[in-house]
Amino acid sequence: MKTQPTIGISGCLTGSAVRFDGGHKRMGFVMDELAQWVTFSPVCPEMAMGLPVPRPALRLVQTTSGEIRMRFSQAPNEDVTQKIDDFTAAYLPRVAELAGFIVCAKSPSCGMERVRLYDEKGGRGRKEGVGRFTGALLAAYPWLPVEEDGRLHDPVLRENFVERVFALHELNSLRARGLTRHSLLDFHSRYKLQLLAHHQAGYREIGPFVASLSEWDNLDAFFEAYREKLMAILKHPASRKNHTNVLMHIQGYFHGKLTPRQRGELREVILHYRAGLLPILAPLTLLKHYLGEYPDHYLLAQNYFNPYPNDLGLRLNLK
């Protein structure tokens, strides 16, 4: 049985009352749906560096020299930048085994983008900051799937994040069991159609890299380079056009096996998906049906058909 992915998460998003005002930002999808399939590792950097609940609000301050500092909004001379940096440096090694991270939007510690910057006199500046904790997290683990709670309301970004989480978890599990050339090649073979759906140029680029595996003496070094390439490709949301190309490609495997009526029906469903009239679940369900009748070893192994638990219902949207 496969273990569940472990995801780091800002503690307030789980429903814990750790925010500066004693509240929380519990996220329904995360706790009511995703929690069934993953293990969460909550953290509140502001509490972890020793601040109480409730506490004065913090903000990011851009100094006249251009440096970004973390200070209290009501006590702008009290600087806690070093405290959060010290906590973050001690915490980051734990992230190596995680499969993803969900952070709290707009937070001066956890925001991933568009965090408000203030000047030293308290003037409101542009939303160009990154939370102090999350900025260090992104720099240390550029391949890690990281998303904000707000962005996860977008069905395309939500599916993309979950897909990346399960891919990275499987890749990490592969390493934990002990790397071999065969296991790495097998992993990549199973992800080919999935990568093609996400980014055709990236798919073409990573192929020759994987073919060079025999030239690598250090499998760990290859793994780390492959991980970065794989996750960069998957970070591109799969487009309707690319999905259609993959679906048509899969259709070709049934050439000579389906009746004219079945071929016409399959083509019509794929084209209806392309036109935005059906969710991708429709052509995939039909293809799985034909795959059950006419098994193909290569297709049966493709992660494309089941990149994450179907019960999450992420393939029902029409985007």
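Me: Where does Pro54 lie?
Reply: Start with how the elements are named: helices (H or I, at least four residues) and strands (E, at least two) are DSSP runs, numbered from the N terminus. Pro54 sits in the loop between helix 2 (45–48) and strand 3. Keep in mind that this is a predicted model: local features need pLDDT of at least 70, side-chain atom pairs count only at pLDDT 80 or more, and totals for chains, interfaces and linings use all residues. Residues are numbered from 1 along each chain as its sequence is written, and side-chain values use heavy atoms, leaving out hydrogens and water.

Me: What kind of peptide bond joins Val53 and Pro54?
Reply: Most peptide bonds are trans, and most residues other than glycine have a negative phi. The bond between Val53 and Pro54 is cis, with omega at about -5°.

Me: On to strand 3. How many bridges join strand 3 to strand 4, and which way do they run?
Reply: Two strands pair if DSSP finds at least two bridges between them. Strand 3 (residues 58–62) and strand 4 (residues 68–72) are joined by five bridges and run antiparallel. Look at Gln62, whose bridge partner in strand 4 is Ile68. The two strands make a hairpin with five residues between them, and Gly66 in the turn has a positive phi of about 95°.

Me: How many bridges join strand 3 to strand 6?
Reply: Two, and strands 3 and 6 run parallel. To find the spot, go to Val61 and look across to Tyr118, its bridge partner in strand 6.

Me: And how do strand 6 and strand 7 run, parallel or antiparallel?
Reply: Antiparallel, with three bridges joining strand 6 to strand 7 (residues 124–129). One partner pair is Val115 and, in strand 7, Gly129. Strands 6 and 7 form a hairpin with five residues between them; its turn holds Gly122, with a positive phi of about 95°.

Me: Are Lys106 and Arg114 buried or exposed?
Reply: Relative accessible area decides it: under 20% is buried, over 50% exposed, and partly exposed falls in between (1.4 Å probe, protein chains only). Lys106 is exposed because its relative accessible area is 65%. Arg114 is exposed as well, at 51%.

Me: Which residues form the positive surface patch?
Reply: Patch members have over 30% relative accessible area and no salt bridge, with like charges joined within 9 Å. A salt bridge is a side-chain nitrogen of Lys or Arg within 4 Å of a carboxyl oxygen of Asp or Glu. Here the positive patch is made by Lys106, Arg114, Arg124 and Lys127.

Me: Finally, is Val210 buried or exposed?
Reply: Val210 counts as buried because its relative accessibility is 7%. You'll find Val210 in helix 8 (residues 200–211). From Glu67, Val210 is 143 residues away in sequence and 41 Å away in space, C-alpha to C-alpha.

Key
Patches are made of residues with over 30% relative accessible area and no salt bridge: like charges are joined within 9 Å, nonpolar side chains (Val, Leu, Ile, Met, Phe, Trp, Tyr) within 5 Å. Accessible areas come from the Shrake-Rupley method with a 1.4 Å probe; for residues, only the protein chains shown count as cover. Lys and Arg count as positive and Asp and Glu as negative; His and the chain ends are not counted. The place of a charge is taken as NZ of Lys, CZ of Arg, CG of Asp or CD of Glu.
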